[in-house]
Amino acid sequence: MSSPSFFEGNSLAARDAKSLIHSYTNLSQHEKEGPLIIEKGKGIHVFDDSGKEYIEGLAGLWCTSFGFGEQELINAAIEQMQKLPYYHSFASKSTEPGIRLAEKLLDIAPVEFSKAFFVNSGSEANDTVVKLVWYYNNALGRPKKKKIIARMKGYHGVTVAAASMTGLPPLHNDFDLPIQGILHTSCPHYYRFGKDGESEEEFASRMADELEQLILSEGPDTVAAFIAEPIMGAGGVIVPPATYFEKIQAVLKKYDVLMIADEVICGFGRTGQMWGSQTFHIKPDILSCAKALSSAYLPIAAVMVSEDIFRGMVSQSEKHGAFAHGYTYSGHPVPAAVAMRTMELMEERNILEHVRNVSPRFLNRFAALADHPLVGEVRSCGLIGAVELVADKKTKRSFDPKHKAGHLAYLAMQDEGVISRAVAGDNMALCPPLIITESEIDEMFDRFERGLDKAAAMADKENWR
Ligand code: PMP
């Protein structure tokens, strides 16, 4: 087998192929196509090692809310590095950045929470959530009440419990997941799963009925919690149907099942309010957040819990000693200081108001794509959205996966200078840095559309339909 050309010599691309395993990458395709090496970034733009400029239409991985090169965040890291580059939170140790950030999160939370716990990633946050739910129910003397219900197409991360809760087959199939006690209920995607003649509200009622039936068939005394993203991100940017969360929460309340909001993508302004929970009327008992917490400049994530849950934890710890959970880097002072500065900048620069001001342009440009020959559905809210590519608009038939329509559209868009991503099949997502301006939104969509047109031309030429 002859080696692809980028394997030759000592280029960064060749060294990449020889040394790195890439996350969420088709490894055999990568061996043929090689990497895109990003060298620097400024504002909403990144530049590759040939100097080509791109609009980062996905804010990296839905995370760099302040874009690239925000000097205030860089300064916050440097200052904290110089003062105290590391300390931990085991055995009652603490640092000021961790304390300040916990206070800030509790202050801006969508409901009254009692305490915040720090971790390094969204996955760790959600694994922590599972363990907290189990710990809490042990504290209450309910050892059987441990099952957690997640949703098909939900995304909660890749660690063992988080990947189990994620409802996407590639995360389960070859990894021997999900673990026991994690169940999945239906995905509330009206366009795909609504029945003929069923209204959005009726569909939401059916989703809530299904959840109730699942709880009853498992036994309410065995079901501890339900986890959901306000908007499903990696599952295809699925915006919940009207009245969905109100109806779901009524069921949870009836059977004493905790509501967990995974705000890893929606948190910190993405939907035009601080939290997706506020946009979709969710009253969580536990909340996980990450990504835009530090604008992704350093890894940090958090879990917040209600007073009830925290009191349960204290009583369990009283009986059995230390709360035996936590990471070397839980509450690391440097990412905590950067996250604190991120939260301050959100206020100083009125980021929520900015998102609400520019969002109509974003939503209108998305809406205009509904007529595109490849687009089956447009879904958007705040500054997040996606178009679902279909082979047949009328019947909603998807492309045969062998054509890799989403991947090819993504490459065409990249060629046009906008980085998007095909998520959960052929859903082309946009989730730009929150600082994006109206004219930048226009430029992003112009490039996105040119990429879509190229993909449509390819679909016609290759007879994919
Ligand atoms: N939850 C949600 C909603 C996410 O979108 C993600 C990451 N995309 C995660 C959890 C996992 O976060 P991480 O990749 O930081 O582990």
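Let me start with the packing of two helices, α4 (residues 71-83) and α14 (residues 333-348), whose axes lie 8 Å apart at an angle of about 145°; the axes here are lines fitted to C-alpha atoms over the stretch in contact, and angles run from 0 to 180 degrees between N-to-C directions. This is a predicted model, in which local features need pLDDT of at least 70 and side-chain atom pairs count only at pLDDT 80 or more, while totals for chains, interfaces and linings use all residues. Residues are numbered from 1 along each chain as its sequence is written. Helices (H or I, at least four residues) and strands (E, at least two) are DSSP runs, numbered from the N terminus.

On the α4 side the contact, meaning C-beta atoms placed from the backbone within 7 Å, includes Leu-73, Ala-76 and Met-81, and on the α14 side it includes Val-334, Ala-337 and Leu-345.

Turning to helix α11 (residues 244-254), its buried residues, those with 20 or more other C-beta atoms within 10 Å of their own, all placed from the backbone, are Tyr-244, Phe-245, Ile-248, Val-251 and Leu-252. Seen down the axis of α11, these fall within an arc of 125°, taken from the directions from the helix axis to the C-beta atoms, so they line one face of the helix. The face turned away from that buried side carries Ala-250, Lys-253 and Lys-254, which are exposed, that is, with 12 or fewer such neighbours. Covering the buried residues of α11 are, among others, α10 (200-218), β7 (223-228) and β8 (258-262). After α11 comes Asp-256, whose phi is positive, near 55°.

Technical notes:
Contact = placed C-beta atoms within 7 Å.
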